Structure formats: C-alpha cells, structure tokens
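This briefing covers one chain, beginning with a single residue and then moving to the chain as a whole. The coordinates come from a predicted model.

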Amino acid sequence: MPRSAATTRLSIDLAALAANWRKMRDLSGSARCGAAVKADAYGTGADQAAPRLAREGCRDFFVADANEGAQLRPLLPDTRIYVLNGVFEEAFAQTLAHDLIPVINSAEQAAFWCGNADARPYALHIDTGMNRMGLTPAQALAHLQGSAPAPCLVMSHLACADEPDHPLNATQIELFESLKPQFAGIEASLANSGGIFLGSGVHHDLTRPGIALYGGEPGSHRPNRLHTVVTAETRVLLVRDAKAGETVSYGAAQQLTRDSRIAVCGVGYADGFHRSASGAGVPLRSAVPQGAFGALGGARVPVLGKITMDLTMFDVTDLPEDGINAGDWIELMGATITLEEAAGAAGTISYELLTSLGRRYARSYAG
Ligand SMILES: *Cc1c(COP(=O)(O)O)cnc(C)c1O
C-alpha cells in the first residue's frame with residue numbers, strides 16, 4: 001500500500017476477481033463466460049479489472065455506453081465489447097471508431113444501426129418481461145424476418161434472477177426459449193450472475209456476470225463463497241472519550257448509554273459511506289436499525305450517530321484500552337464486514353454501494 005495522505009483506502013484483489021470469473025465460467029458449463037464491466041467495473045477500476053479478466057480468457061465485455069467502450073478498447077484488443085445502452089446518432093462515430101458492438105434495444109435503434117452501419121455486427125435485445133431495454137418479441141421477430149443483416153447475438157435480461165423462486169424467471173426463460181427457433185444459428189445470451197445460478201437451461205451460448213465477479217452474492221441463492229475483491233478502509237483521525245448521556249454527531253440523534261470511547265474516522269457520505277448507514281437518526285431505515293459496523297482486527301465496531309460528509313464516528317469502547325490509536329485503519333467492507341452486510345446497513349444493495357464509492361480513496365491493486 002503506497003503512503004498517502006488519503007483517509008480512505010481501497011484494495012482491489014485482482015486475483016480474487018480472476019478466481020470469481022473462473023468460477024462463473026465453470027458454472028456456465030458449455031457457454032462462453034463474458035463480464036459486465038460497466039460503471040468502471042462496478043467501481044473497482046475497469047482499466048485494471050477488464051485487462052485482468054482478458055488475461056484470464058474472457059473475450060466478451062459489456063459496458064453501459066460508448067464512452068466506456070472507447071476507454072477500454074485500447075486495453076482489450078481482440079475482444080468483443082458490447083454497449084448495453086445501444087446506439088444513437090451522437091454515439092455512432094465512436095461506436096464505429098472503437099469497433100464496439102451496440103446492443104440494439106428498440107425498433108428505432110435497429111433502423112438507425114442497420115440503415116447506417118454497413119452490416120457491422122450488433123446484438124439484438126429482446127424484452128421478455130422487464131420493460132426496460134429491448135424490442136418486444138413481435139418487433140424482434142419482424143426485424144429478424146426482414147431484410148436487415150442478422151445480429152451476431154440475441155439477448156434478453158432477467159428481472160428477478162436474484163430470487164430463484166420468483167415466477168417471472170420461468171416466464172422469461174420459457175419465452176426466450178420459444179423465440180430461439182426464430183434466430184437459429186445466432187448466439188443467444190440470457191444469464192447475468194443470478195441467472196448463471198438458475199441452471200444450465202439459462203446459460204445458452206454466452207453468460208454476462210457482473211456482481212459475482214466483484215464478490216457480491218447474486219441474491220438469495222445458496223451462499224456460494226465468492227472471493228472478496230474489494231476492501232475499503234478508513235483511517236482513525238483521533239480517539240476521544242465521552243460520558244453516558246452525552247450525544248454524538250449532528251442532530252444529537254444518538255445518546256450514549258454508557259461511558260464510551262469513540263474513534264473519529266476520515267470517511268463520510270462523500271466517499272459513498274452512505275448517510276443512511278448512520279448509527280441513529282435515519283427514520284426510514286427499518287431493516288437494520290442499528291446501522292453499519294466497521295471492523296478492526298476482526299472485531300466489529302458500530303457506527304455512532306450520523307455519518308457526516310467527511311467523518312464518521314465508531315464506538316470502540318469494547319476494544320482493549322490500547323486496542324486502537326490514531327493512524328489505525330477501520331475496515332468498512334472486506335474480510336470481516338461483507339459487501340452484502342455493508343450494503344444492507346445502508347439500506348441498499350452491493351451494486352449501488354460499489355458504484356458510489358467516491359474519488360478520494362487511495363486505490364491499490366494486488367494479484
Ligand atoms: C448489468 C447487467 C448484467 C450483469 O448483471 P449482474 O447482476 O451484475 O451479474 C448483465 N446483463 C445486463 C443487460 C446488465 O445490464
């Protein structure tokens with residue numbers, strides 16, 4: 001870890017990322033395994049994560065927009081880079097220049113690409129029940145039976161892959177399957193991380209895991225022991241003592257029930273340590289009323305009072321007297337505080353937590 005004046009630091013374990021990809025690849029059976037590296041590879045740094053995955057053998061990358069694709073193209077020679085948001089006039093030149101494959105999501109995008117791109121490859125997205133991106137099945141069939149060049153990939157996206165028992169999964173899986181004869185000979189893709197765990201009927205030719213690569217559990221499947229990729233920590237700036245009955249942080253929302261020792265740390269909501277993970281004073285959060293925990297040497301320490309823009313207080317009363325000092329680092333997520341726990345304490349999901357980590361972290365990469 002380089003010496004840095006930053007009061008937050010992020011370690012990204014690229015070997016763990018690679019191991020998670022191999023796990024998804026193996027679970028994908030005979031399907032090729034791609035990787036969703038949109039939103040800067042879920043906040044982990046796409047310029048590091050994507051080439052590492054390419055080195056592991058990944059050849060199919062999914063980004064959100066042409067800007068992300070353009071940034072990655074020089075780092076990912078000899079790979080397919082699919083742009084999930086599709087294409088429109090202002091993104092057209094960049095899509096061509098960087099050899100990106102737009103995922104065509106509407107009849108309008110299909111007409112635009114097929115009318116302008118000289119039979120360059122594209123993917124066709126069929127909406128099978130999410131009402132987000134994709135042509136309706138009827139529009140897709142009309143397109144496939146028309147005179148336009150055929151897509152190189154036909155895909156759809158599951159709305160509830162993180163809930164294996166949700167009935168919409170079967171509906172979408174069966175609809176996609178029933179459409180398949182209409183695009184015989186063209187590669188098909190349906191599964192995100194959660195979809196991969198739904199079984200071989202969902203894998204088709206290409207899978208598109210994202211969150212599982214970064215160590216997030218893709219929903220309520222049995223726990224599958226993915227490797228921890230992201231460790232975030234904050235520096236203890238000072239340690240103070242306070243008396244029972246006193247209060248901590250803005251709004252005096254948390255009153256101390258005992259004499260306490262408080263570690264004041266250099267992380268706040270500007271760093272994506274969400275205010276909703278505060279130890280108190282968040283009326284809308286009911287699932288995790290006590291708020292987030294940090295960890296120090298495996299010991300868990302709760303957030304005290306409201307998280308502020310740049311600072312957060314932790315209750316370290318239960319640590320040994322000499323157990324914590326200015327300059328120590330408290331884990332916000334990592335080996336002790338799982339990504340899922342940190343997200344849950346903020347009333348959100350792993351995806352949002354990772355992609356909102358701020359710019360102040362000193363980042364380091366291993367593996
Ligand atoms: C983000 C995304 C993925 C990856 O989803 P995870 O749940 O992170 O595995 C796959 N396909 C599409 C269309 C996406 O938008």
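Thr8 counts as buried because its relative accessibility is 1%, and the cut-off for buried is under 20%. This residue belongs to strand S1, which covers residues 8-13. The model is predicted, and the points below are computed from it.

**Surroundings of Thr8**
- Beyond its neighbours within four places in sequence, Thr8 is in contact with Glu233, Thr234, Gly266, Val267 and Asp271, and also with Trp329, Arg360, Tyr361 and Ala362.
- Strand S1, residues 8-13, is where Thr8 lies.

**Fold and dimensions**
- Eleven helices and 19 strands make up the secondary structure of the chain.
- The chain has a radius of gyration of 23 Å, close to the 21 Å from the globule rule for 367 residues, so the chain is as compact as a globular protein of that length.
- Along the principal axes, the C-alpha atoms fill a box of roughly 75 × 45 × 35 Å.

**Packing and contacts**
- Buried residues account for 52% of the 367 in the chain.
- Taking contacts between residues at least 6 apart in sequence, 65% join residues at least 24 apart.

**Surface and charge**
- Side chains counted as charged comprise 30 positive and 38 negative ones.
- The centres of the positive and negative sets lie 4 Å apart.

Technical notes: Residues are numbered from 1 along each chain as its sequence is written. This is a predicted model: local features need pLDDT of at least 70, side-chain atom pairs count only at pLDDT 80 or more; totals for chains, interfaces and linings use all residues. Side-chain values use heavy atoms; hydrogens and water are left out. Helices (H or I, at least four residues) and strands (E, at least two) are DSSP runs, numbered from the N terminus. The radius of gyration is taken over C-alpha atoms; the globule rule is 2.2 Å times the number of residues to the power 0.38. Buried means under 20% relative accessible area, exposed over 50%, partly exposed in between (1.4 Å probe, protein chains only). Contact means heavy atoms within 4.5 Å. Lys and Arg count as positive and Asp and Glu as negative; His and the chain ends are not counted. The place of a charge is taken as NZ of Lys, CZ of Arg, CG of Asp or CD of Glu.
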